[in-house]
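Let us take a friendly walk through this fold, one piece at a time. Keep the viewer open beside the text and follow along.

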Amino acid sequence: MARRIDVTGAGGVRLAAWEFGDPPKTDPAQPAPEDTPGVLLLHGLMGRASHWASTARWLSGRHRAVALDQRGHGQSGKPPQASFTREAYVEDAEAALEQLGLAPAVLIGHAMGALTAWQLAAKRPDLVRGLIICDMRASALGAASQREWADWFKAWPVPFATLADVRKWFGEDDPWVERPNPARGEFYAEVMHESPDGWRPVFDYEQMLRSRETWVYDAHWEELAAVQCPALVVRGLDGELGRAEAQEMVRVLPLGEYAEVADAGHLVHYDQPAAWRAAIEPFLDAVLTA
């Protein structure tokens with residue numbers, strides 16, 4: 001089951017929030033559904049809420065787990081004049097917590113979504129009781145990284161004739177793929193929609209680059225250090241966050257913990273869903289029962 005809930009984000013942008021799975025069952029001896037601990041899941045750049053479906057479903061047995069299509073992504077608004085700054089993304093997540101009644105919630109973020117999560121935790125500690133950071137660096141990536149992304153978008157052979165072509169290109173043929181990765185192919189197939197001439201991404205390339213340029217040139221250590229709640233830094237062994245930087249992030253976080261997932265790349269929760277669950281569930285149990 002997937003239930004959509006509309007949220008109004010910063011500047012009036014319409015956002016789509018999603019609950020995957022049945023809400024926790026009502027029991028006279030248990031808290032009412034509105035008292036169920038809240039979890040907000042934030043995808044990374046180019047992602048969408050449905051990438052969290054598997055995680056949200058097992059979370060929904062004990063928590064109210066909501067995944068947000070962030071602005072410019074999924075089924076949320078993509079107005080050309082919209083702001084794609086860090087402040088806008090953070091305000092959107094803040095609005096989602098408040099309008100959905102999730103706070104104080106655990107934030108689970110992947111990549112850019114993790115940065116949004118820790119920036120919100122630093123800004124509004126009253127809204128956040130715990131934080132899971134999945135494969136996101138705190139250091140600046142720089143201008144070369146932004147140029148590489150712009151060139152990479154130009155290399156996409158769009159439109160794709162079929163979803164099988166999408167899966168093959170992103171899972172095997174993309175120059176950024178070091179070895180065949182079916183999970184990566186599935187990840188990108190999820191963000192395509194059918195157009196009259198074939199399959200194209202649901203997002204706009206320029207909006208993605210505008211979103212990215214608001215954080216790649218800066219480091220984010222000070223905001224990380226301002227996070228007051230318990231925080232878990234998770235990395236895939238073959239992901240983009242190196243072990244040394246991840247452990248330094250844990251040191252900088254006042255209440256930081258560390259976990260890593262073997263045989264996983266950047267898309268940790270997509271590559272190894274069972275190992276991802278094993279890595280984060282003990283942390284969630286500790287935070288939500290504290």
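Our first stop is Ala111, found in the loop between E5 and helix H3 (112-123). Phi of Ala111 is near 55 degrees, a positive value in a residue other than glycine. Ala111 counts as buried because its relative accessibility is 8%; buried means under 20% relative accessible area, exposed over 50% and partly exposed in between, with a 1.4 Å probe and protein chains only. Helices (H or I, at least four residues) and strands (E, at least two) are DSSP runs, numbered from the N terminus.

A word on the model itself. It is predicted: local features need pLDDT of at least 70, side-chain atom pairs count only at pLDDT 80 or more, and totals for chains, interfaces and linings use all residues. Residues are numbered from 1 along each chain as its sequence is written, and side-chain values use heavy atoms, with hydrogens and water left out.

Most residues other than glycine have a negative phi, and most peptide bonds are trans. Met46 has a positive phi, near 75 degrees, although it is not a glycine. This residue sits in the loop between strand E3 (38-42) and helix H1 (53-59), and Met46 is buried, with a relative accessible area of 2%. Two peptide bonds are cis. One runs from Ala103 to Pro104, with omega near -5 degrees, and Pro104 belongs to the loop between helix H2 (86-100) and E5. Another joins Val158 and Pro159, where omega is about 0 degrees; Pro159 is placed in the loop between H4 and H5.

**The sheet**

In what order do the strands of the open sheet lie? The eight strands follow the order E1-E2-E4-E3-E5-E6-E9-E10, with mixed pairing; two strands pair if DSSP finds at least two bridges between them. Strand E1 (2-8) and strand E10 (256-261) are the edges, each pairing on one side only. Neighbouring strands are turned by 25 degrees against each other on average, direction ignored.

| Strand pair | Sense | Bridges | Opposite residues |
|---|---|---|---|
| E5 and E6 | parallel | six bridges | Ala105 and Val128 |
| E6 and E9 | parallel | four bridges | Leu131 and Ala231 |
| E9 and E10 | parallel | six bridges | Val234 and Ala259 |

Six of the six residues of E9 are buried, so E9 is largely enclosed by the rest of the structure. In a regular strand the side chains alternate between the two faces of the sheet. In E9, Ala231, Val233 and Arg235 point one way, while Leu232, Val234 and Gly236 point the other way.

Val261 is found in strand E10 and counts as buried because its relative accessibility is 1%. Leaving aside neighbours within four places in sequence, Val261 is in contact (heavy atoms within 4.5 Å) with residues including Val234, Leu237, Trp276 and Ala279. Helix H11 (residues 273-288) lies across E5, E6, strand E9 (231-236) and E10, running at about 165 degrees to E6.

**Helix against helix**

Two packed helices are described by the angle between their axes and the distance between the axes. Axes are lines fitted to C-alpha atoms, for helices over the stretch in contact, and angles run from 0 to 180 degrees between N-to-C directions.

Helix H5 (residues 163-173) packs on helix H6 (residues 182-189) at about 130 degrees, with the axes 7 Å apart. That angle makes H5 oblique to H6; angles under 35 degrees count as roughly parallel, over 145 as roughly antiparallel, 65 to 115 as roughly perpendicular and the rest as oblique. On the H5 side the contact is made by Leu163, Val166, Arg167, Phe170 and Gly171, and on the H6 side by Arg184, Gly185, Glu186, Tyr188 and Ala189.

Six of the eight residues of H6 are buried, so H6 is largely enclosed by the rest of the structure. Its buried residues are covered by elements including helix H4 (143-155), H5, strand E7 (192-195) and helix H10 (268-271). Arg184 of H6 counts as buried because its relative accessibility is 12%. Not counting residues up to four places away in sequence, Arg184 touches Trp152, Phe170, Asp174, Trp176, Val177 and Leu267.

H4 also packs with helix H7 (residues 205-213), at about 170 degrees and with axes 11 Å apart. The two helices H4 and H7 are therefore roughly antiparallel to each other.
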